[in-house]
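Here is a short report on one protein model.

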Amino acid sequence: MNPYITDKSSQKFNESKQFLAGGVASSLRAAMKPVPLFVENASGSRIIDVDGNTYIDYLLAYGPLILGHAHPALIASVNDASQRGIAYGLQHDGEIQLAKRLTQILPCADKVALSGSGTEAVMLALRLARAYNGKRKIVRFHGHYHGWSDSIFTSFPSPDMHTLANKAENLTPPGTEGQSENSLEDIILLPWNDAEALELVLRQQQHEIAAVISEPVMCNSGCLMPKPGYLEHMRALTQELGIVMILDEVITGFRVGLGGAHGRFGLMPDLVTIGKAMGCGIAISGVAGSRELLEQIDQGKVSHLGTLNGNGLATAAALATITELSREEEQYYIKLEQTGTDLASGIRELLALHQIPGVVNQLGPVFHMMFTHEQQVEDFDAFNKRDAAQYSRFAELMLEAGVLVRTSGLWYVSTEHSAVDVRDTLKAVEQSLIKL
Ligand code: PLP
């Protein structure tokens with residue numbers, strides 16, 4: 001077999017670094033080993049790099065590509081829209097159709113607002129909450145990610161940061177240098193899945209807390225499930241205390257079901273943020289939720305801005321994605337669930353077979369694989385005990401074996417991944433585990 005070569009990607013990365021800050025367009029991408037890959041082409045479940053290597057892709061652009069790369073229905077819709085102009089800065093029917101469709105499929109949505117990225121959707125959701133109840137503090141949780149805006153971006157603290165003392169003192173570490181020192185003053189950082197801590201803080205500071213924001217499943221740190229009753233408790237408490245409950249469904253929206261995680265779990269948050277899979281690779285996001293909250297925009301009370309919000313390409317992409325995912329004869333969600341389960345259970349079996357301690361946490365078409373001596377990973381402390389360096393080495397071996405996975409351990413599955421892909425992927429997993 002020929003050696004795995006990434007010479008052209010290396011050359012391009014060197015060239016890129018001369019002109020593009022960091023050599024990549026989003027900081028996270030620089031973590032890829034042996035080098036951030038440069039892409040030539042992508043279709044369905046496959047991606048081809050400039051060195052001619054083909055990979056089965058489970059990065060899926062960090063989550064959006066629920067229909068895989070270049071799905072024909074999406075391409076047709078976007079091509080068609082582009083013939084009529086790309087963005088107008090004026091209103092068009094695609095916006096109405098999309099907004100209407102979203103109110104039909106998202107249980108909590110009376111109305112929606114459209115933006116360009118998940119980060120912007122979260123910014124808007126926080127603003128709507130603060131304007132609604134006139135309070136300013138926001139409760140968020142360790143290990144969750146809500147985009148990179150100054151007002152919410154925190155680093156993922158090391159395990160020793162995650163102590164009761166810090167819980168009380170509310171130490172919120174900034175995510176990056178350059179972030180305004182005051183930007184996190186209004187953030188209260190709590191451990192997730194700890195109903196007692198949540199109740200204590202919400203009751204004590206109810207007159208200051210505007211909103212609680214939470215990923216419904218802790219996808220960004222271990223794909224951790226909410227404990228039974230935890231999110232329901234959050235819902236009941238926030239309702240009782242006049243606090244807005246925001247579920248950040250930027251990952252889970254359209255991925256774990258057409259109605260997102262809140263649809264799947266039967267929850268009714270006040271607001272959800274959506275993005276990623278909504279546009280299947282084209283930039284679009286949104287906030288959906290209760291009429292009273294969203295109508296603050298109608299009343300001119302809350303400003304919601306964005307030059308390219310609701311542009312024709314983005315609404316066409318989102319409508320095509322939702323229409324495709326809604327096709328009953330395709331049973332896409334059953335297929336996504338099956339593929340995710342086949343991969344996750346196959347990997348668990350291989351870990352056991354080769355006596356490599358590890359855990360795979362899965363919710364349908366998204367799962368987190370980690371090397372750890374913990375029997376189960378159900379909270380952020382346990383997640384922090386994983387061997388991240390070993391996983392990064394594994395991800396590199398997987399590239400050599402023709403499979404593209406995220407260096408963090410989070411895998412996304414698309415409707416285009418076939419049984420053959422699963423079989424080939426599990427072969428690559430075994431090969432990589434043996435070499436590890
Ligand atoms: N919220 C969650 C849960 C996310 O995972 C992300 C991105 O990964 C964001 C918000 C930010 O979305 P974007 O990268 O589109 O700004």
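Predicted model: local features only at pLDDT ≥ 70, side-chain atom pairs only at ≥ 80, totals over all residues.

Residues are numbered from 1 along each chain as its sequence is written.

**Domains**

The protein splits into domain 1 (7-70 + 330-435) and domain 2 (72-325). These bounds come from an automatic or database domain assignment. The C-alpha centres of the two domains lie 25 Å apart. Domain 1 gives 26 residues to the contact, and domain 2 gives 29. Contact here means that the C-beta atoms of two residues, placed from the backbone, lie within 7 Å.

On the side of domain 1 that touches domain 2, the elements giving two or more residues are α11, β11 (358-363), β12 (366-371) and α12 (380-384). Helices (H or I, at least four residues) and strands (E, at least two) are DSSP runs, numbered from the N terminus. By class, this side of domain 1 has 17 nonpolar, 6 polar and 3 charged residues. Ala, Val, Leu, Ile, Met, Phe, Trp, Tyr, Cys and Pro count as nonpolar; Asp, Glu, Lys and Arg count as charged; the others, Gly among them, count as polar.

**Helix packing**

| Helix pair | Angle | Axis distance |
|---|---|---|
| α11 (332-353) and α14 (419-435) | about 25° | 10 Å |
| α2 (72-82) and α10 (312-325) | about 150° | 8 Å |
| α13 (388-400) and α14 | about 130° | 9 Å |

Axes are lines fitted to C-alpha atoms, for helices over the stretch in contact, and angles run from 0 to 180 degrees between N-to-C directions. Angles under 35 degrees count as roughly parallel, over 145 as roughly antiparallel, 65 to 115 as roughly perpendicular, and the rest as oblique.

α13 is therefore oblique to α14. Their crossing is right-handed. A crossing is right-handed if the near helix is turned clockwise from the far one by less than a right angle, and left-handed if anticlockwise. Phe 394, Leu 397 and Met 398 of α13 meet Ala 428, Ser 432 and Lys 435 of α14. That contact has 4 nonpolar, 1 polar and 1 charged residue.

α11 and α14 are roughly parallel. They too cross in a right-handed sense. From α11 come Thr 339, Asp 342, Leu 343, Gly 346, Ile 347 and Leu 350; from α14 come Val 422, Thr 425, Leu 426, Val 429, Glu 430 and Leu 433. The classes are 7 nonpolar, 3 polar and 2 charged.

α2 and α10 run roughly antiparallel. The crossing is right-handed. Residues in this contact include Ala 73, Leu 74 and Ser 77 in α2, and Leu 313, Ala 316 and Ala 317 in α10. By class, the α2 contact with α10 has 9 nonpolar, 4 polar and 2 charged residues.

**Backbone details**

A cis peptide bond links Lys 33 to Pro 34, with omega about 5°. Pro 34 sits in the loop between α1 (7-19) and β1 (39-43). Ala 61 has phi near 60°, a positive value in a residue other than glycine. Ala 61 lies in the loop between β3 (54-57) and α2.
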